[in-house]
Every structure is written in structure tokens, then in C-alpha cells.
Amino acid sequence: MDQWLTMSAAELGRGIEDLKIDPVALTEAFHAAILAHPFADRIYTRPTRWRALAEATAARERARAGLRRTPLDGVPISWKDLFDSAGTKTESGSALLKGRTPQADAEVLRNATTSGLVCLGKTHMTELAFSGLGLNPVTASPPCINDHDAVSGGSSSGAATSVAFGLAAAGIGSDTGGSVRVPAAWNDLVGLKTTAGRVSLKGVVPLCPRFDTVGPLCRTVEDAALLLAALEGGKPADLGGATLKGKRLLVLETVALDDLRPEPRAAFEEGVSRLAAAGARIERRGLPVVAEAVALSPRLFAPEAYGTWKDIIEANPDLMYSEVLARFRGGRDVSGPDYVRAWQELETHRVRYLEATAGFDAALVPTVPNMPPNKARLESDGAYFTSENLLALRNTRIGNVLGLCGLTLPTRTPSAGLMLLGAPMQEERLLRLGSVVAPILR
């Protein structure tokens, strides 16, 4: 059974389909691993064992009757602690929401349950999802799979580490500025950022509703495609017959290649070389519109986040970690007119970007410019926290501000991912491309 803990979600699903894997035994194996793991309390806020067993039992009966609902029916996954789950505390990593217990599942959790997925439990996250590092002194900070003294990336820190440490077949997270892709990259996983507005946010604790997205962290592109379908209650992308031959890929030189640490730079350039050798048409180009769009970030993210949480935060600011509190308060001095004007400018930049990249199948960038920072230093050095957090989110934020979908893939270098950025609502095309890029990078 130990091998089950490192198999992809799709592989587990096929084992269930062939009646070689019992969903109940599979769920028990994951829960036993959680109970025995030294970092379990830093990864899971609370396992939902009885719910999981009930769902697994139903999945077993469907499998035996030949009535499985989807390819992932009976597969156990984890959920970031901002997805409402009926009768289970959902606190978004914050003491401000301590004891918050919703009465209904988030729509994406309900869709996944209908698709037969098993809810293993809720995972730790950055406080109110407003940091890319995964450091949360208020609740817990999951360790990086490649350096246990380092943070794991955020804000979907527990979602990533639940998979990386073999405590879930996949994890569901959210991405507002990079919160799926940063922890996925730092823990050598596949992470899909969906287009804002595509996947339901009903029952998801908000950060910046106009930027918030939902997406999976998993082991393979196939898993990402199947999980996206489960979250939406739809059909998965057809990955069969995908090819890299003739694909035009743009190495985005503006912003994304600045100030890279040695490991991410080397991993990215090696990956690009591998793709070129495999038949992709690689072009390098600077696009000033990217810098112009990213420069609007201070007038967009923090004002929306602070506007969303102002009353609750200012009622009990001492309950928050000081660095996260400062990030929220960074939005209070942006005026309403400045915020509206920033959005108007951004909409123009989005059109310009799509026009400039219309002939390409995807843009390529290093997922994260830096490596996972040391947890103790982040806790003791506020300036270091700020600089590393801004750098960690810089490249992923390109996709958020420009309204794109994005897919991070692991490379041969631990904690260094390569990201594909695709046009809005083109997740299926991006996943098809990713399915042939992923094995070339490894």
C-alpha cells in the first residue's frame, strides 16, 4: 500500500477501475500516513476521516457495480482551508476567523464530491491567502519537501506539501497572485492557475475577488486535467495526440528574467534548450506592456484585499501576523479613483498583450525567481520577508494581472519550475501542450 501514496491521482483511479485498489483501503492508507507523519500538524489543519470513509465506501460500491462516476471516483485529495466544508471549521489560516464553521460545501467541493473524489481534510495556508511564502506564525508553516528548514511557498502551502509528502493524491488550492504555482514549483509539482471567472468561487473565502482563482496541485498534467473537470463538473481535456512539433513558444524577456537566482535561471535555460531540441519553435522577445501591467499591482491587489477585509482586520489587528497585516494595510491609502483608473489601464494592457502574443501557443517564464527561503530568517527579518515575498510572486503575478491561465511544471532542478502562460479560458489547450512539455523537462 505504500506505493499508493506516491502514485498519481489518475493512476489510482485506474487501479480502482480495475478493482485492484479498494477506495476504503486507499483512504485508510492516506489517513494512517497522516497520523504517522512528523509534519502532519503543520500540513493539515484537520483531517476529515469520517467524511472520507463514508465517501470512499460509496465509491467502492460504485466501482464494484461498474458505476464509477469519473476517472477519479474514489481518489482521496486535500482541500485548502478556505474552501467551505459543511460542519468543518474553515478559517483561512487566520485567528480572525477562528471557529468559523460553514453549513454547506463550497460549490467546487460539492462538484468534486459529486465526481466521486474523497475529501481527506483541510490544509494549512498563509493567513487570509495574502503571501507567497507559506509562512504563517499564527497557525502553522508547512516545510518544503526539498529543505525542511525552508518554507514551502504560499498561500496554498499545505495543499502542496500534502501531495509532496505523500499525504494526499492531489490538493486543491487558490491562486490570486501565484498561490497555486509558487508552492507547486517549490515542491516539484504540477500546478494549474485557471482563468479568473472560470471556476466557481461560491463558498471560497475571498482575498481579491476579481483576481481569485481555484486550481489543483498534483503530480502530473493528466491529474490537473482530470481535477479541473471535477471542480467544474465537466469533461476533462483530451490530451491524446498532443505534439510539440511546430509549436511557437515565446520566452518572455520583460520582467520575468530579471534578478533570477542561479538555480531557477539554469533550470529555465536548460528547459528551454530541451524544448527547442524536441522541435518547439522558440522565440525571445521583450514586451513592454508586461512591465506596464505589473507596475499597476500596488494599486490593484492590496486595495481590493484591504477593502474586502478592512472592518474585520481593524476590529482585531493584533490577531494578525505583522507582516501580513502590513500587506493588507498597504492598500488603505489608494483612493477609489486611483483604483478605478488602474483597472481601466489594466484592461487596455490585457488587450495589447493578447495582440502581441496572438501567434504563440504559450509564453515561457521561470515560475519563481528565487528558491525557498529559510523559515527562521523570515521570522526574524521583516525586510527579508518583504523582499523574498515580492520576488517569489513577481513572475506568477504576470498571469494574474494579464488575466491568463498558467501551468507550472517541475524541472530537473529541485524547487525550480518552468511556467507556461496561455490565453484566457484556454486551459484545455494549455494542458495539451503541458502534457508533452512535462516529460521533456524531466
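The structure is a predicted model, in which local features need pLDDT of at least 70, side-chain atom pairs count only at pLDDT 80 or more, and totals for chains, interfaces and linings use all residues. Residues are numbered from 1 along each chain as its sequence is written, and side-chain values use heavy atoms, with hydrogens and water left out. Helices (H or I, at least four residues) and strands (E, at least two) are DSSP runs, numbered from the N terminus.

**The sheet**

- An open sheet is formed by eleven strands, in the order S1-S3-S2-S6-S8-S7-S12-S13-S11-S9-S10, with mixed pairing; two strands pair if DSSP finds at least two bridges between them.
- Strand S1 (44-47) and strand S10 (281-285) are the edge strands, each with a single partner strand, so one side of each has no neighbour in the sheet.
- From one strand to the next, the twist averages 25°.
- Strands of a sheet pair through backbone hydrogen bonds, either parallel or antiparallel.
- Strand S7 (residues 190-193) and strand S8 (residues 214-218) run antiparallel and are joined by two bridges.
- Glycine 191 has leucine 217 of S8 opposite.

**Helices H1 and H8**

- Helix H1 (residues 9-17) packs with helix H8 (residues 221-232) at an angle of about 75°, and their axes are 8 Å apart; axes are lines fitted to C-alpha atoms, for helices over the stretch in contact, and angles run from 0 to 180 degrees between N-to-C directions.
- H1 is therefore roughly perpendicular to H8, on a scale where angles under 35 degrees count as roughly parallel, over 145 as roughly antiparallel, 65 to 115 as roughly perpendicular and the rest as oblique.
- On the H1 side, Ala9, Ala10 and Arg14 make the contact, and on the H8 side Glu222, Asp223 and Leu226 do; contact means heavy atoms within 4.5 Å.
- Three nonpolar, no polar and three charged residues make up the contact of H1 with H8, where Ala, Val, Leu, Ile, Met, Phe, Trp, Tyr, Cys and Pro count as nonpolar, Asp, Glu, Lys and Arg as charged, and the others, Gly among them, as polar.

**Helices H2 and H4**

- Helix H2 (residues 23-36) lies across S1, strand S2 (76-80) and strand S3 (118-123), and runs at about 20° to S3.
- Helix H4 (residues 49-64) has 16 residues and reaches 22 Å from its first C-alpha to its last, close to the 22 Å expected at 1.5 Å a residue; the expected span is 1.5 Å times one less than the number of residues.
- Buried residues of H4 are Ala52, Leu53, Glu55, Ala56, Ala59, Arg62 and Ala63; buried means under 20% relative accessible area, exposed over 50%, partly exposed in between (1.4 Å probe, protein chains only).
- These buried residues pack against H1, H2, helix H5 (107-114) and S3.

- Leucine 26 belongs to helix H2 and is buried, with a relative accessible area of 0%.
- Beyond its neighbours within four places in sequence, leucine 26 contacts Trp4, Leu12, Ile16, Ile21, Gly74 and Pro76.
- Valine 118, in strand S3, counts as buried at 1% relative accessibility.
- Not counting residues up to four places away in sequence, valine 118 touches Thr27, Ala52, Glu55, Ala56, Gly74, Val75, Pro76 and Ile77.
- Histidine 37 sits in the loop between H2 and helix H3 (40-43) and is buried, with a relative accessible area of 19%.
- Histidine 37 touches Phe165 and Leu167, residues up to four places away in sequence not being counted.
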